[in-house]
Amino acid sequence: MPYKGFSTKAIHAGQEPDELTGAVNVPIYLTSTYQQQGIGQNKGYEYARVTNPTRSALEESLAALEGGHSAHVFGSGMAAIAALCTMMKAGDHVICSENIYGGTARLFDKVLVNYGLTFTYVDASDPAKIEAAITPATKLVHIESPTNPMMSMVDIAAVAAVCHRHGVELSVDNTFLSPYLQQPIELGADIVMHSTTKFLNGHSDGLGGVLIGTRPEHTERFSFVQKVTGGILQPFDSYLILRGVKTLALRMRQHDANGRAVAEYLAKHPKIQKIFYPGLPTHPGHEIAARQQKGFGSMMSFELGGKQAANAFVSALKLCYLAESLGGVETLVSHSASMTHGGMTQQQRDALGITDGLIRLSVGCEDVEDILADLEQALEKV
Ligand SMILES: *Cc1c(COP(=O)(O)O)cnc(C)c1O
């Protein structure tokens with residue numbers, strides 16, 4: 001089967017019709033164990049923590065979409081990042097982009113520092129700053145582009161070149177764009193990570209995470225971690241994500257079109273003091289985004305000028321929901337300072353520009369006129 005185009009891959013890779021019945025969808029294999037034919041003889045499956053056919057199908061699909069050597073799925077995005085960090089040992093050093101997903105920073109600063117790992121946060125929009133932070137102990141650079149929630153851009157190819165010059169691996173959290181809009185491996189990343197909870201699943205009904213590696217060592221390591229630590233993705237959730245991925249291209253085209261229209265509308269609105277969307281020519285990372293992404297996506301944030309204004313706006317929304325998370329077909333709005341970045345100190349938030357008036361928007365797949373009308377009536381209340 002030729003899997004050339006992205007949509008074809010999304011619909012078919014890892015998903016041959018079932019050999020027994022011809023079912024075109026991969027069955028949900030609800031089994032914890034598998035009958036063995038004799039001592040040391042089995043059909044490739046022994047125990048469900050190690051492998052499950054529904055999970056394997058999803059892993060094959062995601063590896064194909066990101067152009068990796070293999071993919072390994074975990075019970076959440078955080079479980080995937082935690083698994084990634086098991087590649088490290090005490091004394092190792094990790095560099096990450098400041099402005100990183102709040103949960104990732106919490107894992108690094110509140111848990112993994114207690115195991116002898118050290119972390120340095122740098123403004124990754126300047127690859128020279130990453131290079132300056134590299135020490136002989138540095139093993140990994142972990143970045144997001146665009147960043148959450150300030151939407152600053154990182155030149156992934158430039159950062160990959162710096163990392164490889166120093167023998168350091170680069171991992172990219174590609175959650176905000178999905179492989180449809182950005183292919184970090186093509187740009188030089190060694191490992192791609194996703195919270196599949198977001199665009200890959202796309203329907204706000206399941207949690208998951210994935211690590212996509214580019215080398216046999218990654219495959220070996222991540223399978224080993226799945227088996228040893230056990231934080232794997234369940235068969236039902238694997239099925240949900242597999243189902244979501246089939247329409248990824250369609251959804252991302254709609255997210256992208258709606259995202260651009262909403263950003264253009266907000267950019268002209270008198271109540272919006274600042275807007276952060278790489279698709280706008282005024283965004284400082286616009287040129288990088290246009291070069292390294294296939295579109296600009298549907299994530300953006302904007303400044304309303306204070307907590308009171310932000311609260312008036314979110315409380316007035318009717319169609320768009322005030323909620324954690326992103327990447328679903330429904331438009332979601334969040335208040336970063338109290339929600340995703342609530343665990344930071346005021347000083348940390350100030351340094352990143354995450355003010356009390358900042359709103360993050362994940363534009364959904366509804367008719368854009370309806371989204372705009374809801375934003376309009378809520379902005380009138382500000
Ligand atoms: C949500 C998210 C995560 C964490 O994923 P969970 O599935 O919630 O554990 C990591 N990175 C980014 C960019 C995210 O948006």
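User: Which strand holds threonine 138?

Analyst: This is a predicted model, where local features need pLDDT of at least 70, side-chain atom pairs count only at pLDDT 80 or more, and totals for chains, interfaces and linings use all residues. Residues are numbered from 1 along each chain as its sequence is written, and side-chain values use heavy atoms, leaving out hydrogens and water. Strands here are DSSP runs (E, at least two residues), numbered from the N terminus. Residues 138-144 form the strand that includes threonine 138, namely S4.

User: Is threonine 138 buried or exposed?

Analyst: Buried means under 20% relative accessible area and exposed means over 50%, with partly exposed in between (1.4 Å probe, protein chains only). Threonine 138 has a relative accessible area of 4%, so this residue is buried.

User: Which side chain makes a polar contact with the side chain of threonine 138?

Analyst: A polar contact is a pair of N or O atoms within 3.5 Å; within protein, one must be able to donate a hydrogen and the other to accept it, and residues adjacent in sequence count only if both atoms are side-chain atoms. The side chain of threonine 138 also reaches the backbone nitrogen of threonine 135 at 2.7 Å. Its side-chain partner, at 2.7 Å, is histidine 93.

User: Now the ligand: how far is one of its oxygen atoms from an N or O atom in the side chain of threonine 197?

Analyst: Threonine 197 is among the residues surrounding the ligand, as are Ser195 and Lys198. For the side chain of lysine 198, a ligand oxygen lies 2.8 Å from an N or O atom. For threonine 197, the distance is 2.7 Å.

Terms used. A residue is near a molecule or strand if one of its heavy atoms lies within 4 Å of it. Helices (H or I, at least four residues) and strands (E, at least two) are DSSP runs, numbered from the N terminus.
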